[in-house]
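This report describes one protein chain, from its overall make-up down to single residues. Please look at the sequence and the structure first.

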Amino acid sequence: MAASVFCCLRCCRDGGTGHIPLKEMPAVQLDTQHMGIWGIGVATQKVNLNQIPLGRDVHSLVMRNDGALYHNNEEKNRLPANSLPQEGDVVGITYDHVELNVYLNGKNMHCPASGIRGTVYPVVYVDDSAILDCQFSEFYHTPPPGFEKILFEQQIF
């Protein structure tokens with residue numbers, strides 16, 4: 001079964017990030033409240049979260065606010081020019097351990113990107129007065145079949 005990421009977290013201005021290991025196939029959605037510099041995707045624990053924008057190295061695969069999907073400082077794909085996120089849009093991603101797919105207001109943008117390897121975590125960053133509302137459950141739009149909220153791993157002693 002896949003997972004969806006919704007994080008009930010508001011990321012404002014700069015420095016907003018979170019770490020949840022992805023054991024399932026996740027989907028993430030965010031509501032763009034105020035445009036600025038932002039990105040959403042997946043990253044390994046080795047990513048430098050202080051080096052924005054992400055997607056500059058092998059440790060992150062992200063869609064940036066300009067609609068470009070980056071990994072290892074290479075543009076892997078791009079949203080269609082007439083489909084760039086605007087204030088109030090809901091951006092969703094799914095990751096099936098191979099491909100990162102992007103959704104805009106519930107619609108698949110058909111611009112997959114891949115290349116990251118190993119255990120990854122959802123990552124969201126903001127800068128330049130951007131405000132994003134992230135949710136990891138209770139999505140605005142129903143995730144595609146096979147994807148659901150992220151399940152947190154628990155240890156039982």
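## Overall make-up

Along the sequence, the protein chain follows the pattern β-β-β-β-β-β-β-β-β-β-β-β. Its secondary structure comes to zero helices and twelve strands; helices (H or I, at least four residues) and strands (E, at least two) are DSSP runs, numbered from the N terminus. The model is predicted: local features need pLDDT of at least 70 and side-chain atom pairs count only at pLDDT 80 or more, while totals for chains, interfaces and linings use all residues. Residues are numbered from 1 along each chain as its sequence is written, and side-chain values use heavy atoms, with hydrogens and water left out.

Of the 157 residues in the protein chain, 47% are buried. Buried means under 20% relative accessible area, exposed means over 50%, and partly exposed lies in between (1.4 Å probe, protein chains only). Among contacts (heavy atoms within 4.5 Å) between residues at least 6 apart in sequence, 65% join residues at least 24 apart.

## The five-stranded sheet

Five strands form an open sheet in the order β6-β5-β4-β3-β11, and their pairing is antiparallel. Its edge strands, β6 (74–78) and β11 (121–127), each pair on one side only. From one strand to the next, the twist averages 25 degrees; axes are lines fitted to C-alpha atoms, for helices over the stretch in contact, and angles run from 0 to 180 degrees between N-to-C directions. Two strands pair if DSSP finds at least two bridges between them. In general, strands of a sheet pair through backbone hydrogen bonds, either parallel or antiparallel.

## Strands β4 and β5

Strand β4 (residues 60–64) and strand β5 (residues 68–71) run antiparallel and are joined by three bridges. V62 has Y70 in β5 as its bridge partner.

Y70 also takes part in a side-chain arrangement: the charged end of R64 sits over its ring, 3.8 Å from the centre. For this, NZ of Lys or CZ of Arg must be within 6 Å of the ring centre and within 35 degrees of the ring normal.

## Cysteines

The whole structure has zero disulfides, a disulfide being a pair of cysteine sulfur atoms within 2.5 Å. C111 counts as buried because its relative accessibility is 1%. C134 is buried too, at 2% relative accessibility.

## Around S137

S137 lies in the segment after β12 (130–135). With 22% relative accessibility, S137 counts as partly exposed. K149 is twelve residues apart from S137 along the chain, and their C-alpha atoms are separated by 5.2 Å.
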